Amino acid sequence: MNKNLQEQVIRTSGVNVLKCMRCGKCSGTCPSYDEMEYHPHQFVYMVEKGDIEKLMNSKSLYKCLTCFACVERCPRNVEPAKVVEAVRLAAVRQQGNNHLIPDQIPDMLDDDLPQQAIVTAFRKYTK
Amino acid sequence: MNTFTYYPGCTLRTKAKDLDAYARSSAEALGIILEEPSDWQCCGGAYTTATNENATKLSAVRTLNAAKELGRPLVTVCSACHNVIKQTNYDISRDEQMAFKINNYLKLDEPYNGETTVYHYLEMLRDVVGFNNLAQKVVNPFKGKKIAAYYGCLLLRPSKALAMDDPENPTIMEDFIKAIGGTPVIYAQRNECCGGYITMEDKAQAAKRSGAVMNSAEDQGADMVITACPLCLYNLKKNSGSSLPVYYFTELLAEALGLKEANNE
């Protein structure tokens, strides 16, 4: 377990993972549940256990839609999306680890795609 | 006439010009001038919740401060801008560290600490104009039309920062629909995510999410769906596989006020 990395993720998230009572409501309400290898409640649990590298290497990081459903509906106010965000940042802040690069964008465009989609994807996937 | 500071955001200047034009003409007809600050930057589309992210929040603070310096409330229409600007405003008013670092960087004449009042356009209709007053100005009511309000995720959550409506049982868009003479349709998926920016790299997931929203609205007998968000509109129209029409709420507003023809000339 990498204590330093765990500390970094917990600080970045601002979340107290110990508040989680494992009810699973966050994962139950997550619109990306089926697409995820690790689900929101597992993010919280694995950060608590210091199992960060597995999360950092998982494509689940890029499936979170930042819809704040888990944040709103958590009965203990744990705010799991903030944990996902902190792990994603730990991953994309590493040199050469951007999930989206500008050269990929032209192939993703169509006449109706709003700019909002592009800037949001960049903010989530790239540093 | 009231004058409010208005933040259109990047997409209302490009792919969502209708959302913007109908918003402005309707506001004017309701006695409100929407005035852009002299310069503004894209809000970034998503609020970064990380405690050590400050640079990504600067553009929202610049907009908020511009409204403060003009001494006016700030109005947004796009759901994403509304979400980013309100979350920034909420956090900077409570997080001293964040306020210190951002103010240290921006070097404004006077530090910004969350003083500006932010309205989503729908809140402006509800809280400034009043839905009753709006109803009296309607010349083309949507009589007999069953209209499904799509809130998505960005308008309501997180509710402690956005403070717009009950996040699980909202009424603001339904009250708007009643004010323009339509019949609101309540359906299960109205405040669930459309897939958002995932359309960039996973069309299947976007299709699944937006399809679920449209099926839910269709099952309840909706004639059309309305939204405030350009990305929701895109997903619901292009990725859902449904043929149910989707409109910006401002287009229906302009039509109800008898302004749509004038807008299109």
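Predicted model: local features only at pLDDT ≥ 70, side-chain atom pairs only at ≥ 80, totals over all residues.
**View 1. Four strands of chain B make an open sheet in the order β2-β1-β3-β4.**
The strands here pair in the parallel sense. The edges belong to β2 (32-35) and β4 (118-120) of chain B; each has a single partner strand, so one side of each is left without a neighbour in the sheet. Going across, neighbouring strands are turned by 40 degrees against each other on average, ignoring direction. If you zoom in on β1 (residues 2-7) of chain B, you'll find 4 bridges joining it to β2(B). In that region B:T5 sits opposite B:E35 of β2(B). Helix α5 (residues 121-129) of chain B packs on this sheet and touches β2, β3 (74-76) and β4 of chain B. The direction of α5(B) makes about 100 degrees with that of β4(B).

**View 2. Another open sheet of chain B has 4 strands, in the order β6-β5-β7-β8.**
The pairing is parallel in this sheet. At its edges stand β6 (183-185) and β8 (246-248) of chain B, each with a single partner strand, so one side of each is left without a neighbour in the sheet. From one strand to the next, the twist averages 40 degrees.

**View 3. Helix α10 (residues 230-239) of chain B is largely enclosed by the rest of the structure.**
Why say enclosed? Because 8 of the 10 residues of α10(B) are buried. The buried ones are B:P230, B:L231, B:C232, B:L233, B:Y234, B:N235, B:L236 and B:N239. Their cover comes from both chains: it includes α8 of chain A, along with α1 (17-29), α3 (79-94), α9 (203-219), β7 and β8 of chain B. After α10(B) comes B:G241, with a positive phi near 80 degrees.

**View 4. Helices α1(A) and α6(A) pack with their axes 8 Å apart.**
The angle between the two is about 125 degrees, so α1(A) and α6(A) count as oblique to each other. The crossing of α1(A) past α6(A) is right-handed. On the α1(A) side the contact uses A:L5, A:Q8, A:V9, A:T12 and A:S13; α6(A) brings A:K82, A:V83, A:E85, A:A86, A:V87, A:L89 and A:A90. Sorted by class, that contact has 7 nonpolar, 3 polar and 2 charged residues.

**View 5. B:N140 sits in the loop between α6 (131-137) and β5 of chain B.**
B:N140 counts as partly exposed, because it has 15 C-beta neighbours inside 10 Å. What does B:N140 contact, leaving aside its neighbours within four places in sequence? The partners are B:E255, B:A256 and B:G258. There is also B:L252, 112 residues away along the chain, with its C-alpha atom 9.7 Å from that of B:N140.

**View 6. A few backbone details are worth a look, starting with the cis peptide bond from B:R157 to B:P158.**
Omega for this bond is near -10 degrees, and B:P158 lies in the loop between β5 and α7 (159-162) of chain B. Then there's A:T66, a residue other than glycine with a positive phi, near 55 degrees. A:T66 belongs to the loop between α4 (52-56) and α5 of chain A. Is A:T66 buried or exposed? With 25 C-beta neighbours inside 10 Å, A:T66 counts as buried. B:K107, not a glycine either, has a positive phi of about 45 degrees. B:K107 is in the loop between α4 (96-106) and β4 of chain B, and counts as exposed because it has 7 C-beta neighbours inside 10 Å.

Technical notes: Residues numbered from 1 in each chain as written. Chains lettered and ligands numbered in written order. Pairing = 2+ DSSP bridges. Axes fitted to C-alpha atoms, helices over the stretch in contact; angles between N-to-C directions. Contact = placed C-beta atoms within 7 Å. Buried ≥ 20, exposed ≤ 12 C-beta atoms within 10 Å, placed from the backbone. Parallel < 35°, antiparallel > 145°, perpendicular 65-115°, else oblique. Left-handed = near helix turned anticlockwise from the far one by under 90°. Nonpolar A, V, L, I, M, F, W, Y, C, P; charged D, E, K, R; others polar.
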